[in-house]
Amino acid sequence: MWPIARRSFTEGWPRLAATLLAALGSVALIAGSLQFALRAQEAVSGSDASEYFRADVLVQGGDADPDDPYAPAAGRIRLDRIASKPGVAAAAGDAAVPVTAARPDGQAITASAEGRTLLRPWVSDPRLNPYRLVAGRAPAADGEVAIVRHMSRAGKLRVGDTMTLTLPRETRQVRIAGIVSVQDRGAVAAGDLVLASPEDVRRVAMLPAGTWQSVWLKAAPGIPADRLRGELARELGGEATVRTAESVRAAQAAAAAGEGASIAGVIGMLASVAVFVGLFVVANTFGALVRQRTRRLALLGAIGATPRQLKRLIRLEALVMGAVAAAGGVAAGFPVSALITRLFARDGFDVSAADPQFGWVALAVPAAAGIVVTQLAAWRAAHRAAGISPVQALRSTVTESRERRWPRLLAAFALFAGAGLLCALAVTVRVDDPPGQDRTFAVSLMILIGSLLAVTGSAVLTPLFVGPLGGLVGRLGTRFGGETGRLAHATITRSPRRVSSAASSLMLGVALVSSVALITLSVNDRFQEAGRDVMTAEHAITATARTAEGAPAPLARDVAIRVAATPGVSRATALTQTEVKLVSPPPGGRESGEAPEPFRFLVSGAEQNGLREVLKLGGHTSSLHPGQVALSSTVMKERGLRRGQQIVVRGAHGRVTLTVADAYHDPSHLFAEQALVAPATMDRLDTNAETRAVLVRGGSAQALARSVATVPGVRVLDRDAYVEAASRSLTRALRATHIFVGMALLLALFGMATTVSMSVAERTREFGLLGAVGATRGQIRSIVRWEAATVVALGTILGILIAMGALALLHVTTGSSFLRPEPPWWLFPLVAAGAAVATLSTSALPARRAAAVAILQAAKAD
């Protein structure tokens with residue numbers, strides 16, 4: 001079989017090249033997705049880099065949150081009190097303040113994946129200093145900073161450049177004095193670091209003189225870190241939390257690794273679509289390749305080749321092509337990964353802090369996947385090749401043999417049954433789990449896999465639809481094209497598998513585009529509708545920078561003061577936000593005996609006087625007094641809380657007791673999704689709470705723009721524009737889907753073009769004979785176009801039905817009002833027109849090739 005396979009490669013490389021390119025594209029998409037997932041996981045986890053790697057003991061003021069290694073200290077601690085303790089060789093004060101950094105042109109510098117940008121003090125003592133200067137010097141004067149290497153790369157900044165820092169209460173211009181790395185890494189697990197002089201950081205953090213959020217300690221020679229920790233813990237008691245630096249590093253690494261695995265899992269789920277599309281496309285092209293060589297395979301059978309040998313021949317060709325595609329696809333995966341990285345960075349998810357991965361997982365897994373995909377795709381083709389009878393070598397044209405319908409029906413039934421089972425599981429998850437993002441994600445994952453099974457089942461049944469649909473197209477062709485239409489009808493119905501191969505690729509592309517378009521339109525329409533209902537303010541002041549989630553970055557609080565003084569403004573309300581953890585009542589235990597997950601929720605702060613002038617929340621929301629909190633009805637129901645009940649939460653300044661005053665709901669999920677408090681209560685929770693926006697009633701956009709013109713990185717948005725900007729954090733996962741679906745769509749269209757081209761090539765003899773009996777070139781091109789019309793009709797109808805079914809299932813199983821099966825009237829005609837253009841464009845060149853077939857070439861065609 002090897003000499004025959006080698007001859008097939010040398011003589012038929014053009015037709016094999018199309019299949020090879022399809023397999024290479026599939027492997028490249030798999031390799032690029034895996035490479036991006038690995039880089040995202042390393043960027044999120046920060047690898048092993050930690051700012052605490054030289055410290056032995058950390059003393060944090062007050063009561064530290066045991067569940068969050070990144071949480072700021074709740075209290076304050078004096079440096080001189082700790083530095084003089086026995087056994088302490090060196091001590092340095094520390095504080096962390098979230099900031100937003102921007103380049104001189106105003107463009108925000110996105111922090112390393114899922115991280116934040118923190119202002120931290122420079123540590124001058126070399127025994128504790130974890131920062132290694134790679135350029136410049138340490139910050140010394142006020143207004144000088146050093147930045148980590150990732151910020152330098154992402155912001156294209158060098159020593160001596162200036163950048164803008166948006167602090168909690170002001171905006172400041174700073175000069176870059178140095179660029180540092182931490183353990184040879186460009187960022188740490190927490191994100192990016194901006195290092196300033198200790199006194200400068202202490203003032204920004206609003207700490208009294210001599211006090212810090214935490215203190216780093218270096219133990220004296222011969223004193224173990226555990227011993228020093230124990231002695232300090234006994235002496236300080238409840239005034240501070242004392243931990244070894246090693247335990248903090250381990251907690252950060254575990255938290256970051258878990259978050260990185262979660263991110264990689266989401267990206268892996270999206271990459272699974274690429275794997276599915278690759279398998280789909282390669283299977284179709286292999287099927288077309290076998291049909292194209294029907295007479296040659298039949299001749300091999302006639303001269304003694306056994307079915308087992310024919311199977312081995314196809315699998316051998318698949319193995320060789322899989323190996324070549326694997327090598328080329330792994331190499332092409334690096335630029336694909338770079339493209340995905342660049343697209344995600346624009347959306348606020350930057351993984352460039354992690355270098356390209358060259359481990360065995362990054363290289364061997366996609367290579368093995370390429371070989372496995374081609375082998376699986378060739379399995380059906382090899383089975384068909386073994387079933388070719390020798391008598392087919394005598395036929396002048398390639399005519400598909402009749403096949404039994406029941407195996408195809410049974411296979412489709414099994415696939416649809418699997419899809420139905422997953423949908424039933426999704427319904428069970430909805431009944432058992434409380435509403436929230438976790439439930440929606442789990443349900444969506446099941447519906448996604450079920451939809452892929454439904455697509456496969458529809459592809460299995462596609463040949464059964466070709467006959468009736470081909471008859472309809474044939475009648476239309478006969479009516480408008482005369483004899484050409486009748487010939488097209490005969491061509492279509494004689495080879496339903498050939499038509500279904502192209503139609504199934506188009507069906508997959510239409511299903512991908514339609515489902516994403518339907519979900520995107522539904523989500524965006526709901527955000528706009530609910531946002532306009534809730535936001536009664538005419539304008540909002542936001543930052544031009546974005547957070548890692550894609551939402552507008554925090555503002556400085558002095559912006560609200562500027563806006564309030566603008567002529568014509570009747571109300572300017574700063575909308576602040578912080579995250580807290582519910583301490584009491586504690587979360588309920590699980591039946592499995594595992595420790596319950598801590599419940600964290602976002603608290604929004606807004607001035608209560610005149611709140612309805614800028615926000616109209618659902619439910620009863622009376623003015624809140626200090627110490628009171630209004631909770632969303634979803635949180636109340638999920639946690640079993642009631643009005644008048646006292647709860648204890650842990651904020652940035654430790655534990656705070658609050659009274660549940662009211663229940664409300666924010667249908668937009670944009671302004672006060674989970675909890676609402678007055679500004680005085682917010683100061684108790686977090687003095688430096690982020691200012692998400694300033695909502696403005698009255699005044700003109702021009703006057704507001706003039707009032708903030710001197711503040712860099714600030715813009716004025718109307719109601720619709722702000723709702724769109726604020727919703728970006730909640731639709732980031734959907735936008736990530738667009739990237740993978742777009743690449744998968746290109747691969748599906750390439751597969752369809754390859755299948756159409758190969759279907760024309762396999763009928764070289766047929767088209768030449770038509771020319772010999774008087775058919776004109778225009779008539780031959782018309783036959784191909786009518787066949788393309790059948791592909792458009794079949795692929796579009798099935799693809800739209802699958803997309804509508806998937807959205808309807810998502811709506812029913814998630815219960816979300818953001819996933820409504822109410823498509824606009826223009827969507828389906830637009831999708832159909834796009835499918836027609838794509839199909840006719842891909843069939844134009846094959847049609848010209850068919851019309852140009854010479855009679856002598858047809859006579860010697862295989």
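The model is predicted. Of the 39 residues of α14, 30 are buried, and the helix is therefore mostly covered under a cut-off of 20% relative accessible area. R526 takes part in a contact between a charge and a ring: its charged end sits over the ring of F818, 5.7 Å from the ring centre. A further arginine, R639, lies over the face of F599, and here the distance to the ring centre is 4.4 Å.

Aromatic pairs were searched for across the whole structure, and 6 were found. In one of them, Y52 and W216 are arranged edge-to-face, with 5.4 Å from centre to centre and 75° between the planes. Y52 belongs to the loop between α2 (13-45) and β1 (57-61), whereas W216 is part of strand β12 (residues 214-219); the pair therefore ties together parts that are 164 residues apart in sequence. Y52 and W216 are both buried. A tilted aromatic pair is formed by F671 and Y722, whose centres are 6.0 Å apart and whose planes make an angle of 35°. This pair also links distant parts of the chain, with F671 in the loop between β20 (654-665) and β21 (675-677) and Y722 in helix α19 (residues 719-726), 51 residues apart. F671 has a relative accessible area of 1% and is therefore buried. Y722, at 4% relative accessibility, likewise counts as buried.

The loop between β20 and β21 also contains H669. Phi of H669 is positive, at about 60°, although the residue is not a glycine. With a relative accessible area of 33%, H669 is partly exposed, while F671 is buried. Positive phi occurs again at D184, where the value is near 65° in a residue other than glycine. D184 is located in the loop between β9 and β10 (191-196). Its relative accessibility is 54%, so D184 counts as exposed. Most residues other than glycine have a negative phi, and most peptide bonds are trans. A cis peptide bond, with omega near 0°, joins S584 to P585. P585 is placed in the loop between β15 (569-584) and β16 (600-605).

Rolling a probe the size of a water molecule over the atoms shows where empty space is left. The structure contains 5 cavities of 30 Å³ or more. The volume of the second largest cavity is about 50 Å³. Its lining is made up of L119, V145, L165, L167, R172, V174, A196, D200 and V204. At least two of the lining residues come from β9 (171-182), and at least two from α5 (198-204). By class, 7 residues of this lining are nonpolar and 2 are charged, and no polar residue is present.

Terms used. Residues are numbered from 1 along each chain as its sequence is written. This is a predicted model: local features need pLDDT of at least 70, side-chain atom pairs count only at pLDDT 80 or more; totals for chains, interfaces and linings use all residues. Side-chain values use heavy atoms; hydrogens and water are left out. On a 1 Å grid over the protein atoms alone, a cavity is a set of points where a 1.4 Å probe fits but cannot get out, and a pocket is an open set with protein on both sides within 12 Å along at least five of seven lines; lining residues have an atom within 4 Å of a point. Grid points are joined across faces, edges and corners, and a volume is the space filled by probe spheres set on the points. Helices (H or I, at least four residues) and strands (E, at least two) are DSSP runs, numbered from the N terminus. Ala, Val, Leu, Ile, Met, Phe, Trp, Tyr, Cys and Pro count as nonpolar, Asp, Glu, Lys and Arg as charged, and the others, Gly among them, as polar. Rings of Phe, Tyr and Trp (its six-membered ring) pair if their centres lie within 6.5 Å; planes under 30 degrees apart count as stacked, over 60 as edge-to-face and the rest as tilted. Buried means under 20% relative accessible area, exposed over 50%, partly exposed in between (1.4 Å probe, protein chains only). A charge sits over a ring if NZ of Lys or CZ of Arg is within 6 Å of the ring centre and within 35 degrees of the ring normal.
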